[in-house]
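Biologist: I am new to protein structures, so please show me how to read one step by step.

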Amino acid sequence: MNSKNKETNIIRVLLVDDEQGYLNVLSNRMARRSIQATKAFSGTEAIQILRKNDFDVVVLDLKMEDMDGIEVLKVIKRMVPELPVIILTGHGSQTAAEEGISFGAFDYLSKPCELSELLEKIREAYQHQPNSDS
């Protein structure tokens, strides 16, 4: 894919969470709001998808079975340093979320969060990016 989709206002989001039902509902709700969501059900899958596709924002769960979200964040930041990552933590683990910020996450939200709050954070991260053709 070429440069950003700002002209079409479609935001490409990679959703990473091992809760499949949650991701399916979330991606369907995002699709109705001009957000193109790609689902990854594990950290490993997210990294494989990221190697082949361009995204504007990543929404990353901290607690997953195969890889810790912080480890996934570190890999993402090595692969695409400018890509904003929003961490979702459903375990009241503010310390881990703050650790994510220290490793380059854009921001974090606690699960469950309102869809409107998540969408606002995604748009904020999208607007925050430098304008580059990457």
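**Starting from one residue**

Modeller: Let's begin with Thr89, which sits in strand β4. Strands (E, at least two residues) and helices (H or I, at least four) are DSSP runs, numbered from the N terminus. Keep in mind that this is a predicted model, where local features need pLDDT of at least 70 and side-chain atom pairs count only at pLDDT 80 or more, while totals for chains, interfaces and linings use all residues. Residues are numbered from 1 along each chain as its sequence is written, and side-chain values use heavy atoms, with hydrogens and water left out.

Biologist: Does Thr89 count as buried or exposed?

Modeller: Buried means under 20% relative accessible area, exposed means over 50%, and partly exposed is in between (1.4 Å probe, protein chains only). Thr89 has 2% relative accessibility, so it counts as buried.

Biologist: Which residues is Thr89 in contact with, leaving aside its neighbours within four places in sequence?

Modeller: Contact means heavy atoms within 4.5 Å. With those neighbours left aside, Thr89 is in contact with Asp61, Leu62, Ala97, Leu109, Ser110 and Lys111.

Biologist: Now the whole chain, please. What pattern does the protein chain follow along the sequence?

Modeller: The pattern reads β-α-β-α-β-α-β-α-β-α, from 5 helices and 5 strands. Of the 134 residues, 46% are buried.

Biologist: In which sense do β1 and β2 pair?

Modeller: Two strands pair if DSSP finds at least two bridges between them. β1 and β2 are parallel, over 6 bridges; Leu14, for example, has Thr38 of β2 as its bridge partner.

Biologist: How many residues of β1 are buried?

Modeller: The count is 6 of 6. Ile11, Val13 and Leu15 are buried on one side, and Arg12, Leu14 and Val16 are buried on the other, so both faces of the strand are covered.

Biologist: How should I read a nonpolar core?

Modeller: In soluble globular proteins, nonpolar side chains tend to be buried together. A nonpolar core is a set of buried Ala, Val, Leu, Ile, Met, Phe, Trp, Tyr and Cys residues joined through side-chain atoms within 4.5 Å. The largest one here has 20 residues, and those with the most contacts inside it are Leu14, Val16, Val58, Leu60 and Ile76. Two or more residues each come from β1 (11–16), α2 (43–52), β3 (57–61), α3 (69–79) and β4 (85–89). α3 gives the largest share, 4 residues. Apart from this core lies another, of 19 residues, including Leu26, Ile35, Ile86 and Tyr126.

Biologist: Which residues in α2 are buried?

Modeller: An α-helix has 3.6 residues a turn, so residues three or four places apart point the same way. In α2, the buried ones are Gly43, Ala46, Ile47, Ile49 and Leu50. Seen down the helix axis, they fall within an arc of 165 degrees (taken from the directions from the axis to the C-beta atoms), so they line one face of α2. These residues pack against β1, β2 (35–40) and α3, while Arg51 and Lys52 are exposed on the other side of α2.

Biologist: Which residues does a cis peptide bond join?

Modeller: Those are Lys111 and Pro112, with omega about -5 degrees. Pro112 has its place in the loop between β5 (107–110) and α5 (115–128).

Biologist: Where is Pro84 found?

Modeller: Pro84 is in the loop between α3 and β4, and is buried at a relative accessible area of 7%. Pro84 and Tyr126 are 42 residues apart in sequence, yet 7.5 Å apart in space, C-alpha to C-alpha.
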